[in-house]
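Please open the model in your viewer and keep the selection panel at hand. The tour below goes from one selection to the next and says what is there.

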Amino acid sequence: MFAVIFKAKTGRQDEHYSQTVELMRTLAFEKYNCQDFIAVTEGQQEVTISYWLSQEDIKNWHADSQHRVAQQLGRDTWYDSYVVEVVEILRKYSFGE
């Protein structure tokens, strides 16, 4: 399993942003095998972690035409800066699940 960690300094986020986030989340799950998608914001810092079965799913998600439009809107309006990290999950354990 793989995770994509998106860390951003937020810019001007509006109602269109919220609608686009929901659309992108749905698209990731329904078309690209996303397993989980968690986002939190504190002040101007946003962190999103999404979980994927393969790097191929991540690459296809990244190249999706609707996602490309959202990425451009993010650079133009919604984010001042961001960093994306793709990591492989080597081990997982839990308590109480």
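Two strands are said to pair if DSSP finds at least two bridges between them, and the helices (H or I, at least four residues) and strands (E, at least two) named here are DSSP runs, numbered from the N terminus. The model is a predicted one, in which local features need pLDDT of at least 70 and side-chain atom pairs count only at pLDDT 80 or more, whereas totals for chains, interfaces and linings use all residues. Residues are numbered from 1 along each chain as its sequence is written, and side-chain values use heavy atoms, with hydrogens and water left out.

**The sheet**

Select the four strands, which form an open antiparallel sheet in the order S2-S3-S1-S4. S2 and strand S4 (79–88) are the edge strands, each pairing on one side only, and from one strand to the next the twist averages 15°, where axes are lines fitted to C-alpha atoms (for helices over the stretch in contact) and angles run from 0 to 180 degrees between N-to-C directions.

Now colour S1 alone. Seven of its nine residues are buried, so S1 is largely enclosed by the rest of the structure; buried means under 20% relative accessible area, exposed over 50% and partly exposed in between, with a 1.4 Å probe and protein chains only. S1 pairs with S4 in the antiparallel sense over nine bridges, and here isoleucine 5 has glutamate 85 of S4 as its bridge partner. With S3, S1 forms an antiparallel pairing over eight bridges, in which phenylalanine 2 is partnered by tryptophan 52.

Beyond its neighbours within four places in sequence, the residues in contact with tryptophan 52 (heavy atoms within 4.5 Å) include Met1, Val4, Ala28, Tyr32, Ile58 and Trp61.

Next, select the largest nonpolar core, a group of 12 residues that includes Phe2, Val4, Met24, Leu27, Cys34, Phe37, Trp52 and Ala70. A nonpolar core is a set of buried Ala, Val, Leu, Ile, Met, Phe, Trp, Tyr and Cys residues joined through side-chain atoms within 4.5 Å. At least two residues of this core come from each of strand S1 (2–10), helix H1 (15–32), strand S2 (34–42) and helix H2 (55–63), and H1 gives the most, with four. Show H1 as a cartoon to see that it lies across S2, S3 and S4, running at about 160° to S2.

**The aromatic cluster**

Finally, select Phe6, Tyr17, Trp78, Tyr79 and Tyr82, which form one aromatic cluster. Rings of Phe, Tyr and Trp (its six-membered ring) pair if their centres lie within 6.5 Å, and planes under 30 degrees apart count as stacked, over 60 as edge-to-face and the rest as tilted. In the whole structure a search finds seven aromatic pairs. The rings of phenylalanine 6 and tyrosine 79 have centres 5.1 Å apart and planes at 75°, so this pair is edge-to-face; phenylalanine 6 lies in strand S1 and tyrosine 79 in strand S4, so the pair ties together parts that are 73 residues apart in sequence. Both of these residues, phenylalanine 6 and tyrosine 79, are buried.

For tyrosine 17 and tryptophan 78, the ring centres are 5.3 Å apart and the planes at 75°, so this pair too is edge-to-face. Tyrosine 17 in helix H1 and tryptophan 78 in helix H3 (residues 65–78) are 61 residues apart. Tyrosine 17 counts as buried at 11% relative accessibility, and tryptophan 78 is buried with a relative accessible area of 3%.
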